[in-house]
Amino acid sequence: MNLNPQQEGQSLVYLTIPKVSREHREQLAKNAKAIFNKTKDSLNKVYSKFSKKTSSINREDEKQLADKKLLAMKNAAQVAAEKQLKAKTERTLEDPRLT
(Lines give C-alpha, C1' and ligand atoms only; values in the text may rest on other atoms or scores of the structure.)
Protein backbone atom coordinates (compact mmCIF):
# COMPACT_ATOMS: atom_id res chain seq x y z
CA MET A 1 0.00 0.00 0.00
CA ASN A 2 3.04 2.28 -0.17
CA LEU A 3 3.04 3.17 3.53
CA ASN A 4 5.98 5.23 4.73
CA PRO A 5 6.19 5.33 8.52
CA GLN A 6 8.01 8.22 10.17
CA GLN A 7 9.32 7.90 13.71
CA GLU A 8 9.54 10.81 16.11
CA GLY A 9 11.23 10.00 19.37
CA GLN A 10 11.01 6.54 20.82
CA SER A 11 7.28 6.03 21.10
CA LEU A 12 5.63 8.11 18.37
CA VAL A 13 5.21 6.82 14.83
CA TYR A 14 3.42 8.76 12.10
CA LEU A 15 1.81 6.73 9.38
CA THR A 16 0.03 8.41 6.51
CA ILE A 17 -2.58 6.14 5.05
CA PRO A 18 -3.53 6.95 1.46
CA LYS A 19 -7.16 6.92 0.34
CA VAL A 20 -8.24 3.67 -1.23
CA SER A 21 -8.73 4.25 -4.94
CA ARG A 22 -11.58 2.96 -7.08
CA GLU A 23 -9.12 0.72 -8.95
CA HIS A 24 -7.96 -0.87 -5.69
CA ARG A 25 -11.55 -1.54 -4.64
CA GLU A 26 -12.30 -3.09 -8.04
CA GLN A 27 -9.26 -5.33 -7.64
CA LEU A 28 -10.50 -6.40 -4.20
CA ALA A 29 -13.88 -7.29 -5.73
CA LYS A 30 -12.16 -9.28 -8.48
CA ASN A 31 -10.11 -11.16 -5.89
CA ALA A 32 -13.27 -11.92 -3.91
CA LYS A 33 -14.86 -13.37 -7.05
CA ALA A 34 -11.82 -15.62 -7.56
CA ILE A 35 -12.06 -16.82 -3.96
CA PHE A 36 -15.77 -17.51 -4.48
CA ASN A 37 -14.98 -19.63 -7.54
CA LYS A 38 -12.43 -21.61 -5.51
CA THR A 39 -15.10 -22.10 -2.85
CA LYS A 40 -17.51 -23.48 -5.44
CA ASP A 41 -14.84 -25.88 -6.69
CA SER A 42 -14.16 -27.04 -3.14
CA LEU A 43 -17.85 -27.58 -2.50
CA ASN A 44 -18.10 -29.64 -5.68
CA LYS A 45 -15.12 -31.77 -4.61
CA VAL A 46 -16.63 -32.42 -1.20
CA TYR A 47 -19.99 -33.26 -2.77
CA SER A 48 -18.33 -35.64 -5.22
CA LYS A 49 -16.32 -37.35 -2.48
CA PHE A 50 -19.34 -38.04 -0.30
CA SER A 51 -21.58 -38.83 -3.25
CA LYS A 52 -19.22 -41.69 -4.10
CA LYS A 53 -19.54 -42.93 -0.52
CA THR A 54 -23.33 -43.05 -0.87
CA SER A 55 -22.97 -45.50 -3.75
CA SER A 56 -22.12 -48.18 -1.18
CA ILE A 57 -25.65 -47.93 0.27
CA ASN A 58 -27.61 -51.04 -0.68
CA ARG A 59 -31.16 -49.67 -0.78
CA GLU A 60 -31.90 -47.43 -3.75
CA ASP A 61 -34.33 -45.15 -1.88
CA GLU A 62 -31.80 -44.49 0.90
CA LYS A 63 -29.12 -43.81 -1.68
CA GLN A 64 -31.31 -41.26 -3.45
CA LEU A 65 -32.29 -39.62 -0.18
CA ALA A 66 -28.67 -39.32 0.91
CA ASP A 67 -27.69 -37.87 -2.47
CA LYS A 68 -30.55 -35.34 -2.33
CA LYS A 69 -29.48 -34.24 1.16
CA LEU A 70 -25.86 -33.85 0.03
CA LEU A 71 -26.92 -31.81 -2.98
CA ALA A 72 -29.19 -29.62 -0.83
CA MET A 73 -26.36 -28.95 1.62
CA LYS A 74 -23.95 -28.09 -1.21
CA ASN A 75 -26.48 -25.75 -2.83
CA ALA A 76 -27.27 -24.05 0.48
CA ALA A 77 -23.59 -23.40 1.15
CA GLN A 78 -23.10 -22.10 -2.39
CA VAL A 79 -26.08 -19.75 -2.16
CA ALA A 80 -24.84 -18.42 1.19
CA ALA A 81 -21.38 -17.80 -0.25
CA GLU A 82 -22.87 -16.08 -3.29
CA LYS A 83 -25.02 -13.79 -1.13
CA GLN A 84 -22.00 -12.89 0.97
CA LEU A 85 -19.93 -12.19 -2.15
CA LYS A 86 -22.63 -9.94 -3.59
CA ALA A 87 -23.08 -7.99 -0.36
CA LYS A 88 -19.37 -7.50 0.21
CA THR A 89 -18.74 -6.53 -3.42
CA GLU A 90 -21.52 -3.94 -3.40
CA ARG A 91 -20.33 -2.55 -0.08
CA THR A 92 -16.74 -2.33 -1.29
CA LEU A 93 -17.56 -0.67 -4.59
CA GLU A 94 -20.20 1.74 -3.33
CA ASP A 95 -18.80 2.87 0.04
CA PRO A 96 -18.37 6.66 -0.23
CA ARG A 97 -15.91 6.69 2.68
CA LEU A 98 -13.46 4.73 0.53
CA THR A 99 -13.57 7.02 -2.48
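This is a predicted model: local features need pLDDT of at least 70, side-chain atom pairs count only at pLDDT 80 or more; totals for chains, interfaces and linings use all residues.
Arg59, Asp61 and Glu62 are linked in a network of salt bridges, where a salt bridge is a side-chain nitrogen of Lys or Arg within 4 Å of a carboxyl oxygen of Asp or Glu. Residues are numbered from 1 along each chain as its sequence is written, and side-chain values use heavy atoms, with hydrogens and water left out.

Within it, the side chains of Arg59 and Glu62 meet in a salt bridge at 3.4 Å, N to O. Are these two residues buried or exposed, or something in between? Arg59 is partly exposed, with a relative accessible area of 47%, and Glu62 is partly exposed too, at 38%. Here buried means under 20% relative accessible area, exposed means over 50%, and partly exposed lies in between, using a 1.4 Å probe and protein chains only.

Another pair is Glu60 and Lys63, whose closest N and O atoms are 3.9 Å apart in a salt bridge. Glu60 and Lys63 are three residues apart in helix α2, so about one helical turn separates them. The general rule is that an α-helix has 3.6 residues a turn, so residues three or four places apart point the same way. Glu60 is partly exposed at 47%, and Lys63 is partly exposed at 23%.

How many salt bridges are there by this rule? The count comes to four. One of them joins the side chains of Arg22 and Glu26, at 3.5 Å from N to O. Arg22 and Glu26 are four residues apart in helix α1, so they are separated by about one helical turn. Arg22 counts as partly exposed at 40% relative accessibility, and Glu26 is partly exposed at 38%.

Now let us look at the helices themselves. Helices (H or I, at least four residues) and strands (E, at least two) are DSSP runs, numbered from the N terminus. Helix α1 covers residues 22-54, which makes 33 residues. From its first C-alpha to its last, α1 reaches 48 Å, close to the 48 Å expected at 1.5 Å a residue. The expected span of a helix is 1.5 Å times one less than its number of residues. Helix α2 (60-94) has 35 residues and reaches 51 Å between its first and last C-alpha, close to the 51 Å expected.

Which residues of α1 are buried? They are Arg25, Ala29, Phe36, Leu43, Tyr47 and Thr54, and what covers them includes α2. In α2, the buried residues are Leu70, Lys74, Ala81, Leu85 and Thr89, and their cover includes α1.

Next come the strands. Strand β1 (residues 5-8) is joined to β2 by four bridges, and the two run antiparallel; two strands pair if DSSP finds at least two bridges between them. With three residues between them, β1 and β2 form a hairpin, and Gly9 in the turn has a positive phi of about 75°. Across the pair, Pro5 stands opposite Leu15 in β2.

Strand β2 takes in residues 12-15, and Leu15 is found there. Leu15 is partly exposed, with a relative accessible area of 44%. Together with Leu3 and Ile17, Leu15 makes a nonpolar surface patch of about 280 Å². Patches are made of residues with over 30% relative accessible area and no salt bridge: like charges are joined within 9 Å, and nonpolar side chains (Val, Leu, Ile, Met, Phe, Trp, Tyr) within 5 Å. The areas come from the Shrake-Rupley method with a 1.4 Å probe, and for residues only the protein chains shown count as cover.

Val13 also lies in strand β2 and counts as exposed at 52% relative accessibility. Leaving aside its neighbours within four places in sequence, Val13 is in contact with Pro5, Gln6 and Gln7, contact meaning heavy atoms within 4.5 Å.

Asn4 lies in the segment before β1 and counts as exposed at 54%. Apart from neighbours within four places in sequence, Asn4 is in contact with Tyr14 and Leu15. Asn4 and Asp41 are 37 residues apart in sequence and 39 Å apart in space, C-alpha to C-alpha. Gln64, in helix α2, is 48 residues from Thr16 in sequence and 60 Å from Thr16 in space, C-alpha to C-alpha.
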